[in-house]
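Biologist: Let's go through this model together. Show it first, then I will ask.

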Amino acid sequence: EMSPLDVMDMLNDMYSKFDDLVLKHKVYKVETIGDAYIVIGGGPDNCLGRIGAEKVALFALDAMEVCESLTAKNGARVCIRAGLATGPVVAGVVGKTMPKFTLFGDTVNFASRMESTSIKMKIQCSDMTYRMLTDAEGHEFDLEKRIGDDGLAGVHAKGKGQVSTWWVNGATQREGNGYIKVIENVGKVPEVASYEPQASRDSLDAMEIAGRSNEESDEHERRRSITFEDEKSPMLQMSSDMALVVAELDAKKNDKT
């Protein structure tokens, strides 16, 4: 067993390395709760959901790499679980004494469920995060569908039932940007559009009015929503998507790992 002082020393060493990764991947460190380290990729500075998910996934992969080379003073190996979820959240500064920036909402709870049902040294993400990562501009992610011993896909999440989940095993750099297209003859719709998963009804209607039918798009494009950029409004998002990761410590002796 580790003494409280050894635990604090080990957490300080690990969290300091995680703080360096926060700067590297430009994610936002929300807080640490005990041995849980929480970051967000889609705020406070707003960005596309796929960009936020990509940043957090890369952070989680590097965090796993950090822990592979990290040991406590007593020789115990440090293992973590990580969980990612994507969706809308409410954020703000709460309290008068030691006020802090805090996140609220179902997405926060879902990220916690993704972490708690993950396994040591693995990154588990929700189905929405999976869709975001498949559309990531900068990296191609190695994503593996989780299948339980009972043959069912995903895990049972409290308050949600059986949900489909994925393992994030790695990432490789993409060459070029295949997700920015120019749409012609769209009338009043701005010309530059970028796509992300979970198509909104308004987006599809705009495409139909512009004369571009769903049949003209392949299956991968049809399931994406659309956000527009123009000079007056650099980013008009159809949805507020953010990604979070929750990492929890699990220290074990070397001879037991």
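Biologist: Which side chain meets Arg50 in a salt bridge?
Modeller: Bear in mind that this is a predicted model. Arg50 sits in helix 2, and its partner lies in the loop between helix 4 (127-134) and strand 7 (139-145), 87 residues apart. The N to O distance is 2.4 Å, and the partner is Glu137.

Biologist: Is Arg50 buried or exposed?
Modeller: The cut-off for burial is under 20% relative accessible area. Arg50 has 1% relative accessibility, so Arg50 counts as buried.

Biologist: How far apart are the end C-alpha atoms of helix 2, and what span should it have?
Modeller: Helix 2 covers residues 49-68. At 1.5 Å a residue, its 20 residues should span 28 Å. The model agrees, with the end C-alpha atoms 29 Å apart.

Biologist: How many disulfides does the count come to?
Modeller: The rule is the 2.5 Å cut-off between cysteine sulfur atoms. By this rule, the count is zero.

Biologist: Where does Glu31 find its salt bridge partner?
Modeller: The side chains meet at 2.7 Å, N to O, and the partner is Lys100. The pair links distant parts of the chain, 69 residues apart: Glu31 is in strand 1 (residues 28-33), Lys100 in strand 5 (residues 100-104). Glu31 counts as buried at 14% relative accessibility, whereas Lys100 is partly exposed at 43%. So the place asked for is strand 5, at Lys100.

Biologist: Which parts does the salt bridge between Glu115 and Arg81 tie together?
Modeller: The closest N and O atoms of Glu115 and Arg81 are 2.9 Å apart. Both residues are buried. Their positions are 34 residues apart in sequence, so the pair ties together helix 3 (residues 106-116) and strand 3 (residues 77-87).

Biologist: How much of the protein chain counts as buried?
Modeller: The chain has six helices and 14 strands. It exposes about 13700 Å², with carbon and sulfur atoms supplying 51% of that area. Of its 257 residues, the buried share is 46%.

Note on methods: Residues numbered from 1 in each chain as written. Predicted model: local features only at pLDDT ≥ 70, side-chain atom pairs only at ≥ 80, totals over all residues. Heavy atoms only, no water. Helix = DSSP H or I, 4+ residues; strand = E, 2+ residues; numbered from the N terminus. Expected span 1.5 Å × (residues − 1). Buried < 20%, exposed > 50% of the residue type's maximum accessible area, 1.4 Å probe, protein only. Areas by Shrake-Rupley, 256 points an atom, 1.4 Å probe, with all protein chains shown as cover. Salt bridge = Lys/Arg side-chain N within 4 Å of Asp/Glu carboxyl O.
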